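This briefing looks at how parts of one structure meet. Please view the sequence and the structure below before reading the points.

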Amino acid sequence: MNLKKDKMLRLGFFLVALSTLSALAIITIFIFVEGVPLINKVGLVKFIFGMKWAPSQGLYGIFPMIVGTVTVTFGAALIGVPVALCVSIFLTEFAPKKIRTFMRSAIQLLAGIPSVVYGFWGLTFIVPFIRDYLGGPGLSILAGSLILAIMILPTIISITEVSLLSLPSLYKQGSLALGATHWQTIYHVLIPSAKSGIMAAIILGIGRAIGETMAVIMVLGNAVALPNSILDPARTLTTNIGIEMGYASGAHQQALFATGIVLLVMIMMLNSIAQFIVRKR
Amino acid sequence: MLMRPKTAEKVAQTIIWSVSILVVLLLFFIVSFILIKGVPTLTWDFLTQNPTQSGRSGGILSTIVSTLMVTLVAILVATPFGVGTAFYLTEFTYESKVTKIIRFSAESLAAIPSIVYGLFGFIFFVIYLKLGWSILSGGLTMAVMILPTIIRTSEEAILSVPRAYREVSFSLGGNKWQTITRAVLPSAFPGITAGIILGIGRCVAETAAVILTAGSSLHMPESLFDPSRTMAVHFYILAREGISMERAYGTATLLIIIILGINLTANMLVNRFIAKTR
Amino acid sequence: MKPVKTTPPRRAHFVSKFKIILLVFMTSLSSGCNRKNVNGLILAGSTSVQPFAETLAEAYMKLHSEISIDVQGGGSSAGVMSAQTNTADIGMSSRSLKDKEKTLWSVEIARDGLAIIINPKNTITSLTLNQVRDIYSGVITNWSQLGGKDKDIHVITREEGSGTRSAFEDLLMDDIEIDPHSIVQDSNGTVRQLVGDDANAIGYISLGLVNEKVKALELDGVAATRENVLNGTYVLSRPYLFVTSSEPVGEVKKFIDFVLSADGRALLDLEGLITYDSGGSQ
């Protein structure tokens with residue numbers, strides 16, 4: 001009697017748990033159903049490698065935006081990753097307890113600030129700074145990378161911190177006992193041992209950067225051409241959707257969903273890699 | 001070129017300390033830049049009056065109400081699913097293919113960019129289910145978006161409830177349901193609540209997904225079917241269109257205060273939780 | 001980024017179980033969900049006209065609290081179509097009607113000029129239409145080619161699909177493509193802010209939105225002023241139309257009469273549009 005009840009209960013919870021899978025399936029199906037017809041019409045190769053995006057002329061090539069996404073994200077990682085690693089090491093190895101608590105809340109706040117606020121701040125400070133001191137229109141890949149570097153800090157820091165903290169304390173004690181300095185221990189023992197966690201953190205941070213929309217719309221300039229330098233404006237996949245979804249209809253709207261497909265596929269691949277790394281550990 | 005260990009230690013320490021301080025300073029810079037300009041705008045009237053003239057004058061009451069309603073819908077829908085999933089993963093099954101798939105789905109949901117949620121919510125809730133731009137469409141979209149956050153925090157909370165609690169419950173003749181609701185849930189409750197509160201934070205801060213699903217009408221919403229504009233969207237539109245910078249800063253200030261409050265509450269709950277289970 | 005402006009279906013027919021559950025859930029949260037448009041008007045169409053229509057609707061509803069007016073976007077073509085099919089009581093368009101649409105009833109509620117704006121620090125005050133076209137097509141890339149400083153021109157345009165962009169293209173670009181390297185912004189407000197901040201930028205916005213932070217250029221020697229738009233010498237202008245399927249009657253007529261009244265015109269003038277006593281319908 002009780003056993004049967006428990007079984008029913010189990011089934012009930014199982015069905016609830018299926019919500020994640022069904023949500024993922026519905027999201028994927030609906031985005032694909034909207035976007036695939038256009039990709040078929042244009043041709044996958046032409047869609048992905050097409051250099052020209054001009055919906056009013058029926059031209060749908062997103063290669064400049066793929067390049068934009070990759071460069072802006074790469075820049076963000078280049079700036080953000082070392083900073084995030086420094087902060088994580090600081091939190092786990094150097095910070096006195098009080099400072100650590102304070103800093104954790106600070107980073108939590110950093111994660112909670114709406115991305116529109118970041119974008120607005122970037123437009124007010126970073127963009128004019130680049131325009132006045134480095135040249136170009138200011139709205140640029142550099143501005144986008146800087147803003148994204150700040151925005152991905154919390155993701156990378158929190159995961160790195162967890163993986164550093166979860167190392168057995170023996171590692172550290174052993175290294176110090178062998179006469180290594182604190183830094184030598186961190187650099188030669190702790191970081192290598194936490195490598196897979198750190199890698200996952202970086203990949204998830206990159207995923208966050210690729211997916212960010214609102215802040216990037218405001219500082220990137222959104223030009224649909226291949227950039228020649230990091231001081232040129234560019235457009236990412238997310239901002240392509242964000243900036244044009246407002247008025248789009250018909251094939252144009254489908255093309256934005258198709259952009260969403262490419263974005264979704266990129267994110268899923270990154271996510272799977274990150275999960276694979278974490279699992280392997 | 002190799003440095004002597006002592007020198008390397010000094011250099012590394014200096015860099016790590018200064019980078020960390022710089023990050024905190026940067027955060028202060030961003031926050032204070034909003035607060036300094038925004039706090040003077042935050043008057044009682046600003047909070048209790050509806051916006052007029054597209055937000056050029058008046059307050060932000062309708063956007064506060066919209067934010068609350070969208071968030072409420074999201075939380076009410078996501079919490080049972082999120083907590084239920086967490087219980088399934090922790091209490092009802094061993095690690096298996098099934099749990100792997102569910103975990104993978106949750107992680108994937110967490111990784112999907114908010115603009116894609118916006119596209120999905122637009123095509124699924126707004127168009128396919130014919131809910132139109134509405135609080136309901138926005139709330140349901142956000143519910144899917146915060147589901148992984150709630151699952152993850154609830155799972156952690158449930159896992160850290162000592163085994164003994166369950167064993168005592170079972171030995172006293174409690175069945176599975178009683179054990180879950182009377183022994184595990186109460187002690188995991190603060191942790192679960194913290195997760196829900198973090199979900200609220202995401203709803204409040206979100207722009208891209210909400211603007212495509214809830215719309216941007218400034219009218220005071222009268223039902224869940226009404227289109228609405230949340231505070232984050234309002235800030236974006238005010239600042240972008242240059243309608244009223246003063247009111248944009250005011251709105252952003254309120255947003256930051258809310259986020260800060262949410263974080264502090266969540267931390268407090270987690271700390272209390274940790275203190276209790278240890 | 002803006003909310004999507006294609007007009008989605010408004011209300012669900014509750015059939016499936018899922019929806020019934022939703023309905024129960026929703027009614028428990030809110031009282032009356034069925035209220036809309038018992039006594040209401042729907043306006044749909046051009047997103048350029050939308051904010052002005054909202055202002056008008058807001059003022060009108062203050063005078064007539066029994067009426068509710070719902071203003072939606074969708075773009076000019078969708079607006080004309082929605083008037084044709086009676087999906088909306090009034091369609092809004094920011095372009096003239098095409099020949100095949102001329103069977104509809106329409107009235108010009110105002111005109112909007114397009115101003116070519118540059119930074120006030122820029123010494124240039126006047127360009128020819130050809131020069132502006134060359135700047136936007138990427139032929140002219142440096143202010144020195146126009147008698148200014150030796151600085152790259154930072155060209156700012158609007159996003160694909162924007163009514164202001166299509167008006168700019170129709171009125172000025174002659175089917176020549178806007179250089180894809182141009183910066184793209186999704187609102188009048190940001191274009192104005194960027195041009196106001198950047199000494200080497202050029203952009204275009206609604207004439208009514210020009211303020212002291214930017215400088216509107218003379219085109220072919222004609223200043224961008226209300227008078228010049230009205231007398232037709234300033235060529236970058238477009239009509240804002242209200243379109244209905246047939247001669248308006250009842251509440252629709254009352255609202256349009258209000259829009260064309262001195263009070264309505266004063267509101268639009270205040271918002272920066274150019275109105276005149278048109279004497280009613282065409």
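Between domain 1 of chain C and domain 2 of chain C, the count is 1 salt bridge. The model is predicted.

- The domain assignment gives domain 1 of chain C as 37-111 + 240-270, and domain 2 of chain C as 113-230.
- Taken over C-alpha atoms, the centres of the two domains are 29 Å apart.

**Where the domains of chain C touch**
- In the salt bridge, the side chains of C:Arg226 and C:Asp269 meet at 3.0 Å, N to O.
- Contact involves 4 residues of domain 1 of chain C and 6 residues of domain 2 of chain C.
- About 340 Å² is buried between these domains, and carbon and sulfur atoms account for 36% of it.
- C:Ser48, C:Arg111 and C:Asp269 lose the most area in domain 1 of chain C, together 75% of what that side buries.

**Chain A and chain B**
- In this interface, 71 residues of chain A contact 75 residues of chain B.
- The buried area is about 6800 Å², with 82% from carbon and sulfur atoms.
- Across this interface the rule finds 0 salt bridges, but 6 residue pairs are in polar contact, both residues at pLDDT 80 or more.
- Helix α1 (residues 2-42) of chain A gives the most to the side of chain A that touches chain B, with 18 residues.
- That side of chain A has 48 nonpolar, 19 polar and 4 charged residues.

Technical notes
Residues numbered from 1 in each chain as written. Chains lettered and ligands numbered in written order. Predicted model: local features only at pLDDT ≥ 70, side-chain atom pairs only at ≥ 80, totals over all residues. Heavy atoms only, no water. Contact = heavy atoms within 4.5 Å. Buried area = accessible area lost by both parts, 1.4 Å probe. Salt bridge = Lys/Arg side-chain N within 4 Å of Asp/Glu carboxyl O. Polar contact = N/O pair within 3.5 Å; in protein donor to acceptor, adjacent residues only side chain to side chain. Helix = DSSP H or I, 4+ residues; strand = E, 2+ residues; numbered from the N terminus. Nonpolar A, V, L, I, M, F, W, Y, C, P; charged D, E, K, R; others polar. Domains from an automatic or database assignment.
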